[in-house]
Amino acid sequence: MLEFKLPSIGSDMDEGKLLEWKIKPGDRVKKGQVVAIVDTSKAAVDVEIWFDGTVHELLIEPGATIPVGTVLATLLAPGEKAGAPARPAPPAGRRKISPAARKRAEALGIDVDTLAGSGPGGAVTLADVDAAAAQRSSSKPAATSDRQAEMRKAIAAAMSRSKREIPHYYLAEAIAMERAQAWLSEANAGRPITGRLLMAALQLKAVALALQKYPEMNGFFRDSAFQPVAAAHIGVAISMRQGGLIAPAIHDVGEKTLDEVMRDLADLVKRARAGSLKSSEMSDPTITVTNLGEQGVEAVYGVIYPPQVALVGFGRITPRPWVDAAGGLTVAPVLTASLAADHRVSDGHRGALFLAELRDWLQQPEKL
Amino acid sequence: MTQDELRKVVLATLLSIAPEVEADELRADKPLRNQVDLDSMDWLNFLLGLHEKLAVDIPEADYAKLVTLNDALAYLGARVR
């Protein structure tokens with residue numbers, strides 16, 4: 001028997017409210033499938049399961065608030081036969097349910113297969129249907145103003161912890177963007193609007209490639225030790241229109257083409273604003289990238305999102321006097337890239353080399 | 001499509017991206033991006049939305065012709081079938 005537990009959905013989340021099950025006993029599920037929707041302080045999140053199996057029993061009812069790690073459901077591993085169930089198993093065919101309860105459930109649009117029966121032999125009673133209906137009405141996602149207040153609290157907790165625990169150091173590098181801009185304009189000129197790239201995609205890919213050489217910027221600081229992660233799961237800071245921000249991950253950015261990074265970025269922003277992020281995207285960013293250049297600032301010095309150990313900030317690309325390779329003075333579009341990094345894990349010397357590597361990648365846009 | 005219909009489509013597309021916008025308060029002769037908080041992803045989605053509804057492909061080189069709402073209406077009006 002497999003146990004499906006509520007996964008952590010970010011370091012600032014220690015509990016969640018189960019809003020909805022997407023599965024019922026007897027369903028076969030595949031690894032990566034969305035099986036439940038859980039409300040966190042930041043957003044309603046689609047929770048994925050991380051193994052294949054057949055749903056045996058749902059242990060938590062929608063509406064309940066449960067801590068991370070709580071067993072939500074039990075599943076049978078592929079090939080496993082059900083042993084003695086904890087509760088009387090529902091009959092294979094028709095569900096035992098009183099006629100009145102069935103009628104009420106139909107009227108309320110409640111799927112009786114998702115209900116745990118409290119009557120004789122596990123039969124679903126009228127009271128069970130009413131309880132489910134009451135729970136459903138109390139398990140709607142938080143209203144916007146509540147959500148904003150909750151999100152503010154979550155950000156406050158994570159950022160206070162960051163500034164309390166992480167000895168940040170900050171570095172910045174001015175990067176000439178002439179080549180990257182020219183390459184991007186040319187690439188986009190030949191593309192339909194549906195396939196167009198944004199500079200943000202180039203920046204994300206360049207960060208991922210620079211991380212391959214400087215892995216001490218990528219991973220988690222947990223239990224007094226740094227745990228590097230090989231893959232670059234880059235958290236993208238996305239501001240919400242009603243206020244607050246969220247930084248879900250694009251996975252394996254270093255392995256993706258620019259087109260794939262762009263497609264994933266567009267999809268992520270859309271889903272973040274629509275409130276349909278997946279648990280894996282919320283839980284595992286290994287570094288965060290923030291871009292405030294669009295708001296007109298020249299540079300941003302960010303606060304690391306624990307347990308991550310670094311944050312890369314991009315400012316506005318702006319024309320500035322620039323000394324070119326031949327020593328001549330020109331005007332060039334310049335981007336200020338910054339690094340906030342955890343001094344427990346890396347030193348300024350390595351941080352500086354990381355930013356230089358990032359700069360070099362942005363000079364070779366055709367290789368990104 | 002009349003200019004009025006076109007204006008409705010453009011505003012509806014904008015509102016789908018920036019729901020907080022009060023359409024009546026928009027100044028049609030002032031730069032759109034100074035009045036509405038649109039980053040480059042929002043801008044691209046705005047143009048994608050117009051592309052879907054009006055079948056007009058807007059090359060990146062033409063972005064400078066779409067600074068104000070009036071600019072956008074003139075540009076699209078000349079191209080929409």
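Me: Is Ser224(A) buried or exposed?

Reply: This is a predicted model; local features need pLDDT of at least 70, side-chain atom pairs count only at pLDDT 80 or more, and totals for chains, interfaces and linings use all residues. Residues are numbered from 1 along each chain as its sequence is written, while chains are lettered from A and ligands numbered from 1 in the order in which they are written. Buried means 20 or more other C-beta atoms within 10 Å of the residue's own, exposed 12 or fewer, partly exposed in between, with C-beta atoms placed from the backbone. Ser224(A) is exposed, because 6 other C-beta atoms lie within 10 Å.

Me: Where is Ala55(B)?

Reply: In chain B, the loop between α3 (40-54) and α4 (69-79) holds Ala55(B). Phi of Ala55(B) is positive too, near 55°. Ala55(B) counts as exposed, with 10 C-beta neighbours inside 10 Å.

Me: Which residues does a cis peptide bond join?

Reply: Most peptide bonds are trans. Pro306(A) and Pro307(A) are joined by a cis one, with omega about 5°. Pro307(A) lies in the loop between β17 (287-291) and β18 (310-323) of chain A.

Me: What pLDDT does chain A average?

Reply: pLDDT is the predictor's confidence in each residue, from 0 to 100. Chain A averages 88, and 93% of the residues score at least 70.

Technical notes: Helix = DSSP H or I, 4+ residues; strand = E, 2+ residues; numbered from the N terminus.
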